[in-house]
Amino acid sequence: MLTSSLFLVLLCGLLGGWVLSVCPSMCSCSGGHRDVDCSLKSLTKLPHGLQHNIRFLNLSFNSLKDLGGQLSRYDHLRTLDLSYNHLESLPSVLPRSLWDIKAAWNRLRWLDKRDTAYHWNLKLLDLSHNELERIVFINNTLLSVTSLNLSHNRFWTVPTNMPHNLEIIDLSFNYLVQILPGSLDRLPKLVKLYLHANHFSVLPEGIFDKLRALKTITLGDNPWACEKEDNITRILRWAEQTHATVLGCPCYTTPVCGQGHLATKERHLDSAPLTESTMNNRGEEYDDMFTASIVMVTSASETNPSQHKSGLGMWTSTGFHSISKLTSTTEHLLSSTVKPKMANSQSKSQKVFAQIEMVLLNIFVLTIALSMY
């Protein structure tokens, strides 16, 4: 009796382990079948056979339109990638265990406060390349969000009531014309703010004063009202005095400004290469100059107006940055490392070519002599 009971326990354990290791036939799985990749499968609905304890789910590059509340049962899910689908709204009742939600390149038109309510664990929210005009947050329920990507949407005003612990906000390539007073005051940890390629002409006085942790801000490719000196003087003064790095200074002054750069006399602001650290799919940053994107964000007046909001640019960790080119400083840096090697290789090549010419000449002479004989 004891033996049969033990056998049943072992059998149940084996069967239970087998059931928990199911992977949908059209997907690929790893990590004990808890990391599931169902991308590029032309899916129109959630695949059957997903384990209840999956932690990573990639549904990108499919034809999903509406998932309803189908994802609510996956209480262990950490990363959800819904990019490149046909979603018009985020799935309802998403698991509160999520760390990352990626829904770029969809057809999202709004984000209701219920879509992200009580996501205490959420760290990254990527809603870029959608059709968003309005977004509402309950920021006291989004305590862990540090990165928010809203680039390439249809915002006219910088969203208010954003999560207070944000470190990166990308609002580039929208239709922004104003920042309401106080909208940025409760973002004490904000380090990077991307506002380039919008429709700003002026900004309220002191709008960035409460951003004490700010290190990088982009203001290029905006139609600043440079002819109205009274209106633009405040933002120009701030751009010159701030401790942050300002990429794309207003009114075609310099590509880079800010107190940190002005204090460095050896640095030439008009030709300095700007390297923003890029980030790969796993969120790992690269800061090396030759692996990072070399980005130069200029004001709209310094570039061809026809290039405004065009495809000319470079995608980095937090968004799409307009125009990239090697500056004279960068070219000098590259030439200083490459030219010595080129010189050595050229000298070696010249010796080899000389030897080849000598051999060919000998063969030619020998051929003539034999034909005459």
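Trainee: A nonpolar core is a set of buried Ala, Val, Leu, Ile, Met, Phe, Trp, Tyr and Cys residues joined through side-chain atoms within 4.5 Å. How many residues are in the largest one here?

Mentor: The largest nonpolar core has 66 residues. Buried here means under 20% relative accessible area, exposed over 50%, and partly exposed in between, with a 1.4 Å probe and protein chains only. This is a predicted model, where local features need pLDDT of at least 70, side-chain atom pairs count only at pLDDT 80 or more, and totals for chains, interfaces and linings use all residues. Residues are numbered from 1 along each chain as its sequence is written, and side-chain values use heavy atoms, with hydrogens and water left out.

Trainee: Which residues have the most contacts inside that core?

Mentor: Leu 57, Leu 59, Leu 127, Leu 193, Leu 195 and Phe 208. Helix H3, residues 229–241, gives the most to the core, with four residues. Helices (H or I, at least four residues) and strands (E, at least two) are DSSP runs numbered from the N terminus.

Trainee: Take Leu 59. What does Leu 59 touch?

Mentor: Leaving out residues up to four places away in sequence, its contacts (heavy atoms within 4.5 Å) include Cys 38, Leu 43, Leu 46, Pro 47, Leu 64 and Leu 67. Asp 81, Ser 83 and Asn 85 are also among them.

Trainee: Switching to the sheet. What is the strand order?

Mentor: The open sheet has 12 strands in the order E1-E2-E3-E4-E5-E7-E9-E10-E11-E12-E13-E14, with mixed pairing. Two strands pair if DSSP finds at least two bridges between them. Strand E1 (28–30) and strand E14 (256–257) are at the edges with a single partner strand each, so one side of each has no neighbour in the sheet.

Trainee: And in which sense do E5 and E7 pair?

Mentor: Strand E5 (residues 100–102) and strand E7 (residues 124–126) are parallel, over three bridges. Asp 100 stands opposite Leu 124 in E7.

Trainee: How many salt bridges does a search of the whole structure find?

Mentor: Four. One of them joins the side chains of Asp 35 and Arg 55, at 2.9 Å, N to O. Asp 35 is in strand E2 (residues 35–37) and Arg 55 in the loop between E2 and strand E3 (56–58), so the pair ties together parts 20 residues apart in sequence. Arg 55 is partly exposed at 32% relative accessible area.

Trainee: Which residue does Glu 205 form a salt bridge with?

Mentor: Arg 234, with the closest N and O atoms 4.0 Å apart. Glu 205 is in the loop between strand E11 (192–194) and strand E12 (216–218), Arg 234 is in helix H3, and they are 29 residues apart. Glu 205 is exposed at 63% relative accessibility, while Arg 234 is partly exposed at 30%.

Trainee: Last one. What share of the protein is buried?

Mentor: Buried residues make up 42% of the 373 residues. The protein has five helices and 20 strands.
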